[in-house]
Amino acid sequence: MSKLLDYLNVLDKDAAAREAHIKDPKAAMTKYGLSDDEQNAVLSRDRAKVAAVIGIPADQVPAIIAPHSTY
């Protein structure tokens with residue numbers, strides 16, 4: 001499993017991780033060890049970009065929590 005996909009799954013299951021991501025997504029993703037490309041994909045809020053980085057179809061990307069928005 002890719003580190004990015006693992007991170008998205010953690011956000012789905014861990015309220016503290018989700019709150020940290022909402023408060024400061026860049027810091028939370030850096031602490032988790034995501035690369036700049038992975039972070040930029042998440043911050044773009046573009047499922048196709050995230051899917052491309054992970055290597056899965058866009059419809060299989062878990063919801064991405066971003067400040068002020070989810071998709």
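Please bear in mind throughout that the model is predicted.

The largest nonpolar core comprises 16 residues. Within this core, the residues with the most contacts are Leu4, Tyr7, Leu8, Val50, Ile54, Val61 and Ile64. At least two core residues are supplied by each of four helices, namely α1 (3-13), α3, α4 (36-44) and α5 (47-54). Helix α1 provides the largest share, five residues.

Setting aside neighbours within four places in sequence, Ile54 is in contact with Ser2, Leu4, Leu5 and Leu8.

Let me turn to Val10, which also lies in helix α1. Beyond its neighbours within four places in sequence, Val10 is in contact with Ala17 and Tyr32.

Finally, I come to the packing of helix α2, residues 15-23, with helix α3, residues 25-32. Their axes lie 5 Å apart and form an angle of about 130 degrees. The two helices, α2 and α3, are therefore oblique to each other. Which residues of α2 and α3 meet? On the α2 side they are Ala20, His21, Ile22 and Lys23, and on the α3 side Pro25, Ala28 and Met29. Sorted by class, this contact of α2 with α3 has five nonpolar residues, one polar and one charged.

Key: Residues are numbered from 1 along each chain as its sequence is written. This is a predicted model: local features need pLDDT of at least 70, side-chain atom pairs count only at pLDDT 80 or more; totals for chains, interfaces and linings use all residues. Side-chain values use heavy atoms; hydrogens and water are left out. Axes are lines fitted to C-alpha atoms, for helices over the stretch in contact, and angles run from 0 to 180 degrees between N-to-C directions. Angles under 35 degrees count as roughly parallel, over 145 as roughly antiparallel, 65 to 115 as roughly perpendicular and the rest as oblique. Contact means heavy atoms within 4.5 Å. Ala, Val, Leu, Ile, Met, Phe, Trp, Tyr, Cys and Pro count as nonpolar, Asp, Glu, Lys and Arg as charged, and the others, Gly among them, as polar. A nonpolar core is a set of buried Ala, Val, Leu, Ile, Met, Phe, Trp, Tyr and Cys residues joined through side-chain atoms within 4.5 Å. Buried means under 20% relative accessible area, exposed over 50%, partly exposed in between (1.4 Å probe, protein chains only).
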